Structure formats: structure tokens, C-alpha cells
Amino acid sequence: MKTLVVYYSRKGYTESIALEKAKNDNADFLCLETIENTAGWYGFFNCVKFASSKKRMTLFPYETNVGEYDKAVICTPVWCGGISSPMLEFLEREKHNIKSAEYILVHALPMNAETVADEIDKLLDIKRISFTDIQCVLGKTLKEEVKAND
Ligand SMILES: Cc1cc2nc3c(=O)[nH]c(=O)nc-3n(C[C@H](O)[C@H](O)[C@H](O)COP(=O)(O)O)c2cc1C
């Protein structure tokens with residue numbers, strides 16, 4: 001089983017979780033980067049502008065052939081209650097290459113990220129294997145729940 005861990009991370013919290021997962025699962029990983037400004041306060045408000053209108057952010061090119069993998073582990077921070085804008089672009093672009101997936105969803109506020117997992121299912125037109133709901137504040141994990149599919 002060939003697994004790809006793909007992640008976007010603005011501040012590095014999702015990145016450390018994703019890299020740990022890749023290490024544990026002996027998987028390859030792909031870090032998504034966007035050409036849009038996401039740094040500092042201006043960048044934060046730019047991210048809010050994109051996320052609140054469900055607009056996709058342009059990605060820097062990557063060489064990974066996503067269709068080569070049996071399974072994807074999709075790791076994204078929650079932005080404005082939904083998928084982060086760089087990950088949204090990746091999923092729209094690669095939806096035909098992803099056959100099986102689990103999700104790791106990272107957020108700061110106490111919330112149930114199931115609606116975000118459902119949003120990814122719908123976009124990929126698959127039913128996820130499972131998703132991990134992580135509440136993380138300034139790098140400190142306050143909640144981590146794995147929700148397997150019935
Ligand atoms: C534009 C933007 C919107 C966000 N919206 C939410 C939100 O709706 N709910 C929430 O719990 N956290 C929200 N957050 C916080 C991030 O999900 C959280 O800080 C996450 O750990 C960041 O991961 P990262 O370090 O990998 O970027 C938002 C952050 C940004 C930048």
C-alpha cells in the first residue's frame with residue numbers, strides 16, 4: 001500500500017502533525033505552498049478573504065504524481081469553518097487521482113470538524129476511511145479524536 005501524506009500549513013502546526021504521520025506510516029509526503037501572501041497580519045486577512053468566499057489559492061508547482069498512490073492522507077488547517085484555500089485548490093486539481101483517503105483536520109477553536117470532513121468527501125466523491133479531529137492552540141494539542149467510518 002503506497003501512501004502519500006499531503007499537507008498545507010501556514011504556521012507549522014499541521015506540518016508537524018503531518019510529518020509525524022508520514023514517519024509512522026512510512027509514507028511519502030507533499031508540502032503544498034501557495035504564491036499568495038499568507039504571512040503576518042496582512043497575509044492572515046488575505047487568507048480570511050479567500051477562505052470566506054471559498055476561493056482557491058494558487059499553488060507553486062509540485063512534482064508528485066498523486067495518481068501513483070493507493071491512499072492519500074489529507075492534512076489541512078480549518079479556515080473559516082472549512083478547507084484551507086491552498087488545500088481546496090489541491091483537492092479540486094487532484095480529485096480524479098485520489099481513490100482512497102483519510103483526513104487530519106487541525107483547528108484552534110473547540111469545534112467538531114466533521115462538516116469539513118464531509119466537505120472533502122463531497123469534493124472527492126469518496127467516503128473517507130477515517131478522519132482525525134485535532135484542536136491545537138499555539139502548537140499545544142487540546143483534543144485529538146480519530147473518527148472511523150462505520
Ligand atoms: C484564515 C484562517 C482562518 C481560520 N479559521 C478557523 C476556524 O474557522 N476555526 C478554527 O477553529 N480555527 C481557525 N483558524 C485557526 C487554524 O485552523 C489553526 O490555528 C491551525 O492550527 C493552524 O494550522 P497551521 O499552523 O498548520 O497553519 C483559522 C486560521 C486562519 C489563518
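Guide: A polar contact is a pair of N or O atoms within 3.5 Å. The model shown is predicted, so to speak of local features requires pLDDT of at least 70 and side-chain atom pairs count only at pLDDT 80 or more, while totals for chains, interfaces and linings use all residues. Residues are numbered from 1 along each chain as its sequence is written, and side-chain values use heavy atoms, without hydrogens and water.

Visitor: Which atom of Val 106 lies 3.4 Å from the ligand?

Guide: A backbone N or O atom of Val 106 is at that distance from an oxygen atom of the ligand. Ala 108 also places a polar backbone atom 3.1 Å from a ligand oxygen. With Thr 14, a polar side-chain atom lies 2.6 Å from an oxygen atom of the ligand.

Visitor: And how much of the ligand does the protein cover?

Guide: The ligand has 640 Å² of accessible area on its own, and the protein covers 87% of that (Shrake-Rupley method, 1.4 Å probe).

Visitor: How many residues surround the ligand?

Guide: There are 20 residues around the ligand, and the closest are Ser 9, Arg 10, Thr 14, Val 78 and Leu 109 (a heavy atom within 4 Å). By class, this shell has 13 nonpolar, five polar and two charged residues. The elements α1 (13–24), α2 (40–52), β3 (71–79) and β5 (101–107) each give two or more residues to the shell (DSSP runs, helices of at least four residues and strands of at least two).

Visitor: Where does the ligand sit?

Guide: The ligand sits in the largest pocket, with more than half of its atoms within 2 Å of the grid points. A pocket is an open set of points on a 1 Å grid, with protein on both sides within 12 Å along at least five of seven lines, and its lining residues have an atom within 4 Å of a point.

Visitor: What volume has that pocket, then?

Guide: The largest pocket holds about 690 Å³ of space.

Visitor: Which residues lie nearest its centre?

Guide: Arg 10, Lys 11, Phe 44, Trp 79 and Ala 108 do, out of 25 lining residues. The lining divides into 17 nonpolar, six polar and two charged residues.

Visitor: Which element supplies the largest share of the lining?

Guide: That is α2, with six residues. At least two lining residues come from each of α1, α2, β3, β5 and β6 (130–137).

How values were computed: A polar contact is a pair of N or O atoms within 3.5 Å; within protein, one must be able to donate a hydrogen and the other to accept it, and residues adjacent in sequence count only if both atoms are side-chain atoms. On a 1 Å grid over the protein atoms alone, a cavity is a set of points where a 1.4 Å probe fits but cannot get out, and a pocket is an open set with protein on both sides within 12 Å along at least five of seven lines; lining residues have an atom within 4 Å of a point. Ala, Val, Leu, Ile, Met, Phe, Trp, Tyr, Cys and Pro count as nonpolar, Asp, Glu, Lys and Arg as charged, and the others, Gly among them, as polar. Grid points are joined across faces, edges and corners, and a volume is the space filled by probe spheres set on the points.
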